[in-house]
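Hi everyone, thanks for making time. I'd like to walk you through one protein model today, so please have a look at it before I start talking.

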Amino acid sequence: MILSGLDPSGGAGIQADIQAITSLGCHPLPVLTCLTVQDTRNVYGAEAVSAELIRRQLQCIADDAPIHAVKTGALGNAAVVDVLVEFMAERPGLPLITDPVIKAAGGGDLADDELIAAMKERLFPLAEMITPNGVELALLGGSDNPGEAAEHLLQGGCESVFATGGHGTGIHITNTLYNHDLEPMHWEIERIGGEYHGTGCTLAAAIAAGRASGLSPRAAISQAQNYVNHAILHALEVGKGQPVPDRGIPWER
C-alpha cells in the first residue's frame, strides 16, 4: 500500500511509486495524500487530501485485499499522519517504509513544522525503516553529522534509518543503514552525476516492494539500489529541469 502525493510531472510521488513497485513484481494499492503544483524543477504548492477520506480508503482496501508492506511519501498534513498511525497500530508487524519527504530538490516545501513533528513523534516509531536524504537527515536528527543525526532518530523510537547519499559529492554515493547494531552498514554505488527527479521516492518504493515480496530489509535495500541505478542510467529528459529515472525499462533482478 502506498500513501503519497501526486506529482503532475510524473517524475516523483505516487506515479514513481506505482512504476517502481510494478516493475519489481508487486501490485500497488495507491492512496493519494496530497495534490501538488510541481514540475521537474520544483514544487510550487501543495494541498492535502481529506484525512477522513483517506481513512475510509485505507479501511476499504484493507477489508478487500491483503497488504504485505506500506510505503509513505509526502503525507500532506499531521491529520493524515494520525490516520496512518491508527491504521498501522492495528497491524503490528506490517513493514512500513517511510520516505520523510520534507523538501523538493528545488527547495519547495512539502511539510510544515506540525507535519514534521507528527512524523517524528508518532509515525517514525511505527516504521521499520525511514529513508531520509542528507538534508532531511540533518533536519530531522538535529545534527549535520549523519551518525549523530541518525542516533538521535533511533533514540526517538526509529527502528532503522537508511540514510541516502545522493546529495553528496565524490565518485561514489554512500548509503548507510543505521539501526541498533553496534556498527552501521554501508553500500557504495557509482555516482552517475547530476540530480534526478524522484530518486528518493523510487528507492523507498523499491525497498517496500522487496519487503512485500519477502526479502529481508538488507536484501530489499540491495535490490532497490540496483534497480534505481538501472533506472537512472536510462533517465528521461521529460521537462526543463531534472531528468526522470526510467522506472519502466525492463530490469532483471
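Before I point at anything, one definition: helices here are DSSP runs of H or I with at least four residues, numbered from the N terminus. Glu 136 sits in one of these, helix H5. And please keep in mind that this is a predicted model.

Let me give you the overall picture, and then come back to that helix. The protein has 8 helices and 9 strands. Its radius of gyration is 16 Å, close to the 18 Å that the globule rule gives for 253 residues, so the protein is as compact as a globular protein of that length. The C-alpha trace spans about 45 × 40 × 35 Å along its principal axes. Of the 253 residues, 51% count as buried. If you take contacts between residues at least 6 apart in sequence, 66% of them join residues at least 24 apart. As for the surface, the protein exposes about 11,300 Å², and carbon and sulfur atoms supply 52% of that.

Back to H5, then. Is Glu 136 buried or exposed? Buried means under 20% relative accessible area, and Glu 136 comes in at 6%, so it counts as buried. Leaving aside neighbours within four places in sequence, Glu 136 is in contact with Asp 99, Pro 100, Val 101, Ile 102, Lys 103 and Thr 131.

At the N-terminal end the cap is Asn 133, with a side-chain oxygen 3.1 Å from the backbone nitrogen of Val 135. After the helix comes Gly 142, which has a positive phi, near 70 degrees.

Next, helix H6, which runs over residues 146-155. Which of its residues are buried? They are Ala 149, Ala 150, Leu 153 and Leu 154. Here the arc is only 140 degrees around the axis, which places these residues on the same side of H6. Their cover includes strand S6, helix H5, strand S7 and strand S8. At the start of H6, a side-chain oxygen of Asn 145 comes within 3.0 Å of the backbone nitrogen of Gly 147. Just after H6, Gly 157 has a positive phi of about 120 degrees.

Phe 162 is in strand S7 and Trp 187 in strand S9, 25 residues apart, so the pair links distant parts of the chain. Both Phe 162 and Trp 187 are buried.

One last stop, in helix H2, which covers residues 51-64 and is where you'll find Gln 59. Gln 59 is partly exposed, with a relative accessible area of 35%. Its C-alpha atom is 8.1 Å from that of Phe 87, 28 residues apart along the chain.

How values were computed:
Residues are numbered from 1 along each chain as its sequence is written. This is a predicted model: local features need pLDDT of at least 70, side-chain atom pairs count only at pLDDT 80 or more; totals for chains, interfaces and linings use all residues. Side-chain values use heavy atoms; hydrogens and water are left out. Buried means under 20% relative accessible area, exposed over 50%, partly exposed in between (1.4 Å probe, protein chains only). Helices (H or I, at least four residues) and strands (E, at least two) are DSSP runs, numbered from the N terminus. The arc is that of the directions from the helix axis to the C-beta atoms. Contact means heavy atoms within 4.5 Å. A polar contact is a pair of N or O atoms within 3.5 Å; within protein, one must be able to donate a hydrogen and the other to accept it, and residues adjacent in sequence count only if both atoms are side-chain atoms. The radius of gyration is taken over C-alpha atoms; the globule rule is 2.2 Å times the number of residues to the power 0.38. Accessible areas come from the Shrake-Rupley method with a 1.4 Å probe; for residues, only the protein chains shown count as cover.
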